[in-house]
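The structure is shown first.

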Amino acid sequence: MTGPIQPSALGAQRYWNPYVAGVGLGLTLLLSFVALGVGLGASGSTARVAASAAHVLAPAAVEANGYLGPWFASGSPLANYLVFMSIGTLLGGLASALFARRVDVGVERGGRVSARTRIAFAIGGGLLVGFASRMAAGCTSGQALTGSALLLGGSWAFLVAVFAGGFLVAPLVRKEWLP
Amino acid sequence: MNLYDSGTLESPLGWTVALIVGLAFGFWLERAGFGSSRKLAGIFYLRDFAVVQVMFTAVATAALGLVALDVAGLFDASRVYRMETLLAPQIVGGLLFGAGFVAGGWCPGTALVGAASGKLDALAFLGATLIGSLVYAAAWPQLAPLQDIGACGVVTLPDLLHLSPGIVAALIVAVALVAFTAINRFAPRR
């Protein structure tokens with residue numbers, strides 16, 4: 001055991017103190033509440049991108065769908081603040097990674113799994129998370145972070161369930177993350 | 001008056017502000033080390049505590065800040081959009097989400113930052129979340145009735161505990177400080 005995990009890229013700066021980053025993230029959330037009147041979000045934009053892509057392939061089926069259809073009632077589902085927020089998240093992350101020399105192209109994995117296995121688990125996990133985010137009406141950003149700060153009962157239930165699910169499944173995928 | 005409250009969230013102004021908020025969001029996630037799936041998954045093996053440290057510091061900061069602004073009369077916290085509690089979907093969804101989080105190594109927001117950092121596993125994860133959300137939509141006719149199980153409108157911890165928002169925010173800070181003290185004592189050092 002050797003302390004917090006640091007970037008592996010050659011010449012990369014160390015990550016910032018987690019409490020400093022936490023205050024920065026909390027003030028960003030507060031800014032979102034005050035300026036936008038809504039909190040942070042991430043999964044909503046990915047679902048909207050998926051809906052748009054599916055709409056190109058099968059417009060009638062998507063518009064007839066009970067869940068996705070309403071997103072097309074007033075034009076494109078991409079004309080939504082969550083989509084712009086995620087573009088910002090991508091660019092903000094890129095800027096920060098560039099400044100700290102932490103851009104590192106490759107498959108991040110433990111030392112005992114192949115890149116192919118790691119990608120397979122990333123896809124499996126992504127399928128679950130994409131599905132679960134719609135079911136819970138939000139993800140770690142929109143529910144766990146935003147809803148918890150708003151002291152919402154359902155968001156706290158989601159937060160506890162996320163950690164419970166993670167710790168329950170962790171032993172099964174342990175090999176993926178071993179050094 | 002915030003943009004949501006004034007009905008102008010979906011406007012060029014709302015989108016511009018959302019983009020700026022997103023820039024700060026991505027910056028802080030990356031600074032925290034959340035552009036790394038190994039670091040994120042590390043919490044589930046008690047190998048790295050940044051997820052808990054960053055998340056609870058952020059929740060405590062925002063919760064306390066919102067109460068403070070409200071008490072000082074600078075911002076009406078009741079005008080912020082609040083999500084309804086859907087107890088069964090949020091608990092079942094949370095369990096599935098947690099399983100996907102540790103297996104995939106990312107959540108949607110951190111995967112955006114991971115992809116920006118060049119992580120190909122983040123790209124694969126993001127692509128799969130698109131499919132996962134479409135699977136949910138495809139199953140909507142069957143799932144819709146289940147979404148209402150445990151639906152109880154907007155429910156807040158202050159309502160449930162019969163305490164003021166300020167006291168609840170202070171309790172969250174207190175619990176976070178106890179957890180941080182324990183982590184600082186027992187977590188592996190550099």
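## Chain B

Of the 190 residues in chain B, 55% are buried (20 or more other C-beta atoms within 10 Å of the residue's own, with C-beta atoms placed from the backbone). This is a predicted model, in which local features need pLDDT of at least 70, side-chain atom pairs count only at pLDDT 80 or more, and totals for chains, interfaces and linings use all residues. Residues are numbered from 1 along each chain as its sequence is written, while chains are lettered from A and ligands numbered from 1 in the order in which they are written.

Chain B has 9 helices and 0 strands, taken as DSSP runs (H or I of at least four residues for helices, E of at least two for strands) numbered from the N terminus. Its C-alpha trace spans about 50 × 45 × 35 Å along the principal axes. Among contacts (C-beta atoms, placed from the backbone, within 7 Å) between residues of chain B at least 6 apart in sequence, 61% join residues at least 24 apart.

## Interface

Contacts link 113 residues of chain A with 113 residues of chain B. On the chain A side, α1(A) gives the largest share, 18 residues.

## Nonpolar core

The largest nonpolar core has 119 residues, and Leu29(A), Val59(B), Ala63(B) and Val102(B) have the most contacts inside it. Such a core is a set of buried Ala, Val, Leu, Ile, Met, Phe, Trp, Tyr and Cys residues joined through C-beta atoms within 7 Å.

Leaving out residues up to four places away in sequence, Ala63(B) touches Ala149(A), Leu151(A), Ala169(B) and Ile172(B).

Conventions. Contact = placed C-beta atoms within 7 Å. Buried ≥ 20, exposed ≤ 12 C-beta atoms within 10 Å, placed from the backbone.
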